[in-house]
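Reader: Hello! Could you walk me through what this model shows, one question at a time?

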Amino acid sequence: MAGARSARTPAKQSSSSPLLSDQAYDAIRDKIVSLEIAPGAPIEEEQLAAELGVGRTPVREAIKRLAYRRLVVVYPRSGSFAADLHPTDLEALCDMRERLEGLAAERAASEATYEERLELRELLNELEACTDPDALLNLDVAVHRAVHRMAHNPYLLDTLTQTLDLSLRMWNLANERLPDLDHHVHGQAEVLQAILDRDGARARTLAEAHVREFEDDIRKMF
């Protein structure tokens, strides 16, 4: 029977493993966010595929996702390029982040599990002890991503992941000239403590202030 034969026929496999596509996405995103691929620079598909040890199909799929995330711009017949950085985007981006970061911190104060609170406590201890500038920046990002995740809202997480990646490009462009970097990053300790104290209102206020301070500092650099 034709129906039985088709039921036993293995489904056609995708030409690209989702895992490979995800790996390519993460790797290329990190290169763009860290400015290893500079704003406006071409995305070299063949070179990236060889470097990452994958075929060109996972790289192309990753580029499509990155374009949707506004990290890549695709021009027909011209190729793909890392999106330019425009200071005019800063206000709109931070306006959105201020509200959403505050919401995430407020939710994390009430929604974080016992195990997640232990993770936040460890991050707080690391933050308070850290003095190395590069390590501080990495900790700042780790704190943001942890709080986003512990808000336990997948739609909020998705949006904050995108806006944080876009903000980090501006941060990486200006961080060597930023004044009071230690003070800015260590301000995250107060956010973490408020979350650990289950004080959602204070966590929200502090998280919003942290984003406003980021905007003020970056604006001075452009």
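**Cores, rings and a helix**

Author: Gladly, and please keep in mind that this is a predicted model. Its largest nonpolar core has 39 residues, and those touching the most other members are Leu-120, Val-147, Leu-192 and Ile-195.

Reader: Which helix gives the largest share of this core?

Author: At least two residues of the core come from each of helix H5 (88-111), helix H6 (114-129), helix H7 (133-150), H8, helix H10 (188-196) and H11. The largest share amounts to 7 residues, and the helix supplying it is H7.

Reader: What does Leu-192 touch, leaving out residues up to four places away in sequence?

Author: Leu-192 is among the core members with the most contacts to other members. Leaving out those sequence neighbours, Leu-192 touches Leu-120, Leu-123, Leu-124, Leu-127, Val-143 and Val-147.

Reader: How many residues are in the second, separate core?

Author: Ile-32, Leu-48, Ala-49 and Leu-93 are included in that second core. Its size is 19 residues.

Reader: Back to H7: how far apart are its end C-alpha atoms, and what span should its residues give?

Author: H7 has 18 residues, and at 1.5 Å a residue these should span 26 Å. The distance between its end C-alpha atoms agrees with that, so the value you want is 26 Å.

Reader: Why does the aromatic pair of Trp-171 and Phe-214 tie together parts that are apart in sequence?

Author: The structure holds 2 aromatic pairs. Trp-171 and Phe-214 form a stacked one, with 5.5 Å centre to centre and 15° between the planes. Trp-171 lies in helix H8 (residues 154-174) and Phe-214 in helix H11 (residues 200-221), so the parts tied together are apart in sequence by 43 residues.

Reader: Which residue lies over the face of Phe-214?

Author: Phe-214 is buried, as is Trp-171. At 5.5 Å from the ring centre of Phe-214, the residue over its face is Arg-97.

Reader: Is Lys-31 buried or exposed?

Author: Lys-31 sits in helix H2 (residues 18-33). Not counting residues up to four places away in sequence, Lys-31 touches Glu-36, Ile-37, Leu-48 and Glu-51. Its relative accessible area is 10%, so Lys-31 is buried.

How values were computed
Residues numbered from 1 in each chain as written. Predicted model: local features only at pLDDT ≥ 70, side-chain atom pairs only at ≥ 80, totals over all residues. Heavy atoms only, no water. Phe/Tyr/Trp six-rings, centres within 6.5 Å; stacked < 30°, edge-to-face > 60°. Helix = DSSP H or I, 4+ residues; strand = E, 2+ residues; numbered from the N terminus. Buried < 20%, exposed > 50% of the residue type's maximum accessible area, 1.4 Å probe, protein only. Lys NZ or Arg CZ within 6 Å of the ring centre and 35° of its normal. Contact = heavy atoms within 4.5 Å. Core = buried A, V, L, I, M, F, W, Y, C linked by side-chain atoms within 4.5 Å. Expected span 1.5 Å × (residues − 1).
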